[in-house]
Amino acid sequence: MFYLCTGFHRSGTSLLAQTLQANGINMGMDLMGATYANPLGHVEDMPMVRLHDKIYKLNGADWRYHDSSPLIKPVWLPNYIQNYLNNREEVAPSVLKGGKDPRAVHFLKDWQVAAKGKIKYIFIYRHWREASFSLLNRHSRHFLNTAHPMQKSQVNLSFWQQPSLAFDMWLSANKRILDFYKVHSENAVLMSQEQFVLLASKDQHCVFDKFAAKIGLNASHFDAKTLEKGLITNTLPDYAHNGISEDLVEQLDSLYSALNGAADLPNQTMPRAKDKSPYMNISVPLFFSQVCRLIKMLEGDSETRTSSSAIKNVQTDNIFAQANFDFSNLAWPEFTGALLRLPIARLSPKPFYSALSCDIDFLLDGQSQAFSVSQGDANKPLPISSDVAEYYYSLAKVAHYKGVWLVCSVFQMRAMLCDAATRTENPWDIRTWEKFVHQDDWLTIHDRDLKGDNPFKLRPIFSLPEYYTKRIDKLEALNNLSLQALFELLQDDANMPVEHLAKHRLIEAWLLLNTPSSDALAQIKAYFEIAEKCHDSIDIVEFCFMKALRCAFAETENHKGNVQIVLCLSRLFAFYASQKMFLYAKALAQQLSRCSAEALSSCNDDSVGEAIFNSIKDLITQYHFTQAQEYINTLGKFLHSSDEIRSNKKAELVGYMREQKDALRPAKGLKHRFALLPHSLSYEHILNAGDEAPERGKALDFLNQRLSFLAKDNIEWLSEGLVGINENAANSLMCLIDKHWRKLWTPATYQYLFNETAQSQLQQINVNTSKRAETEFAACNACIIVRISCVESFTVFLDLLQSQAPNISLHCIVIEDRLEPAEREVLQKMLVASKQSFKISFSPASLFHKLLASLIEEVSKQYDIIGLAQCSAVKLHLDKLKQVACWYSLLGFETGALHMLQTLKDENQALAMLIPNYHPSDLAAIQDKPLFYPEMHMCWLASAAIENPAMFAAQNALHRVLISTKKGGGQIKLTSLVLQGEIGD
């Protein structure tokens, strides 16, 4: 028996799956691990997840699908589910088995059919308010994982671009659960997450005996040993569902009541009172006004934006309302099976285009490694198996069944070509084509007289399928219509819609009904003209080139010397190369290389060379250098009829390739794209680290969020991300992000960064101290000399110092003429309250450098490492970010950076100075001037390497030291936590 566990996202499915697994049910062999949104693990079997995602992707959707359009399921889906169940049975035949995936709510009937009765269902639901808020909270948190614009996190942003999305998803999932449960209640359990958690927290799992028996389980299987109450949200902020309509609230409440009425374990707690208004009052963050002002500028909106005014109506498309089918992740048989289920009413050429644009390696299903474009036997230009022709034929049959007849013809032509490639060394010689050929002299017979299923034949007008007849008015007028008249019809807006698909079908129908001329050479020219006008319709282009190639072979016995064959093959080459079908293009390049140069010169037309030249240049632009070089070698003689021009064109291509390759090489000097990070911190890297060592993973996640915050102008970042979003949704997202940001910093630091006014500058600093930082800094025997000219900024510096290096000694030089007496008094009280080891000196600004030199000389005798820092007044948000980033880097990150101080201690003769990481906003200036660094007065010094302490204290001295080092005049070397090497090489 197999137990399928499912429910809406964030509704307790993971807790339920963890419980089942902990009590002896095998939930899968390849389980999705933990994330910071689900620290105990998702417990989703990845083969099941990948299968569901494959169907979503086929429909142009993803896990956010909510029945806004029909979900097309291929004929092979039940077989795939059955194979999954069989594999699970083979791996663990004697144990209870189950699987959990919230996506399964959209595939319940498919699982029922595939399992053939050997399946039970465990459904769990949660109140729509808690579930949707948990979902929104998770996806707002995801924005913090990167410094990229919010628009690049499109999945996350969609929940606010379409404010009803999370609620529509809840409705879709739970309606499917309820409908299915009503029919299969004898084989399913339906329970409330709230009641499940309540009973588990009171250790009353024996209650489950009442319904567990009907699915062959007992109460012990529902003993939630893994429950952690702190991970479940019980209270909601007032902005949680700001802006959803009353009608939607009514639908949600009604469905929740229906679930409770049908459930085996309903929620018996007091139901939530219905909100009097869907527009709740919200408490917005204090930077709200700054963001709104910038949004107005970006939107060009002169009206005042307020926190609780009427909704600003921004029309946002309902995602997945119009399915855009995506077949890119399907194997060849899967593709044909999916097309068979595609309704004719929703059919377009796009699915077939995706198949036509696939190279041979797609058909080979993984065998393409042996047939790369730089390898292979020159005598076998199409390295295919005997099955490839049948693959194309199977697609042709699907296209014919669906009524897309021109596409069907192209697939048949491909099948003919591939069939010839298995029998001859020259498959592009159409005279060798046998598949679908029923007449010996078929090349010279008029198209209307061809028999059977030959794809080159014309079709009678009465036989055209609905795909054409329902979409083209006065179809009979196309019969015997001249090519010139066709082009005139396409330009006549009164009689022909300008919509592309209508024109596309009109041309397809004309090509199925007519030939452009009775003369073969005139036909070739006409087909070239049609292909040029329809260059964005790959079926029409290839059909025309194939028809032209047949005409060319019908005109000659000497196919190597025939000009028209060369012209047709070159255009086919350009077409395949533009579609990145490199194996086809290579085969044509080899075929063309066997043609004589006389054929090109005799045609008195350099269009062949121009087509080849442009195709190769396009490949170089797209960085396909290997293919481009091969085509230059094999087709160079066709670039132009003139030797001199041909040589120039070759040189131009080679030079352009060199430029493109150079553009890909890293620039000299500083190369770091994300300058603030000490090492790579992709989210995947963080999760992997967390799997191996959970505490380190948490520290890396926290570090990544802090660095992503410091690396960008957050006001500008948030404002640009909220442009065009419904006002209430924007307010809600701002509040969520504000909540996440506040977890990164202490109140003093957060207030400072956003120019919020602290209630008191004298406040107790209470930060969790890092034991790692405490140990490493203590071992380094270091002190920091800090120049203070602003009490507010020093408050933040001290805040960071307490969290990163609480035991480090502090020597303060207070610039007395920059501070009021009351501020100096506050400063002293703050230091005393911090319990930090400190000394304090007062100095006017004019005597600072003299005092600094004296202090360096004094402390260098006592400490191995000396730090220099300064706390000055800055106003702009970005400047404050840069300042905090500098201190944060100087004091060491949560993980992996403090060892640099030990390097200073151990190798002080080779490494005398350590500067903080540069900020991304300074990267351009640093790259332009490698010695530029705006915070060079902040650094660590190895005291044993200090020969002249006064040198470090003089104004601008650090800059002069770096210059002298670059010129070889000094012994002091410089490194950064990012660069980890010398600058100025």
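Contact means that heavy atoms lie within 4.5 Å. This structure is a predicted model, in which local features need pLDDT of at least 70 and side-chain atom pairs count only at pLDDT 80 or more, while totals for chains, interfaces and linings use all residues. Residues are numbered from 1 along each chain as its sequence is written, and side-chain values use heavy atoms, with hydrogens and water left out.

**Nonpolar cores**

Neighbours within four places in sequence set aside, I530 is in contact with L483, F487, I507, W510, L511, I540 and C544. I530 also belongs to the largest nonpolar core, which has 233 residues. A nonpolar core is a set of buried Ala, Val, Leu, Ile, Met, Phe, Trp, Tyr and Cys residues joined through side-chain atoms within 4.5 Å. Buried means under 20% relative accessible area, exposed over 50%, and partly exposed in between (1.4 Å probe, protein chains only). The residues with the most contacts inside this core are W111, I530, W741, F794 and F797. A second, separate core of 27 residues includes L16, I124, F196 and L227.

**Aromatic pairs**

Rings of Phe, Tyr and Trp (its six-membered ring) pair if their centres lie within 6.5 Å; planes under 30 degrees apart count as stacked, over 60 as edge-to-face and the rest as tilted. The structure holds 36 such pairs. W717 and W741 form a tilted pair, because their ring centres are 5.9 Å apart and their planes stand at 40 degrees. W717 lies in helix 30 (residues 714–722) and W741 in helix 31 (residues 727–742), so this pair ties together parts that are 24 residues apart in sequence. Helices (H or I, at least four residues) and strands (E, at least two) are DSSP runs, numbered from the N terminus. Both W717 and W741 are buried.

F797 and W887 are an edge-to-face pair, because their ring centres are 5.6 Å apart and their planes are at 75 degrees. With F797 in helix 34 (residues 791–804) and W887 in helix 37, the pair ties together parts that are 90 residues apart in sequence. F797 and W887 are both buried. One aromatic cluster includes W717, W741, F709 and Y888.

**Two helices that meet**

The axes of helix 29 (residues 694–710) and helix 37 (residues 877–891) come within 9 Å and cross at roughly 145 degrees. These axes are lines fitted to C-alpha atoms, for helices over the stretch in contact, and angles run from 0 to 180 degrees between N-to-C directions. In helix 29, L703, R706, L707, F709 and L710 meet L881, V884, A885 and Y888 of helix 37.

**Positive phi angles**

K116 is not a glycine, yet its phi is positive, at about 55 degrees. K116 sits in the loop between helix 4 (108–115) and strand 3 (119–125), and K116 is exposed, with a relative accessible area of 61%. F436, also a residue other than glycine, has a positive phi near 70 degrees. F436 is in the loop between helix 16 (405–421) and helix 17 (466–469), and F436 is buried at 7% relative accessible area.

**Cysteines**

A disulfide is a pair of cysteine sulfur atoms within 2.5 Å. A search of the whole structure finds zero disulfides.
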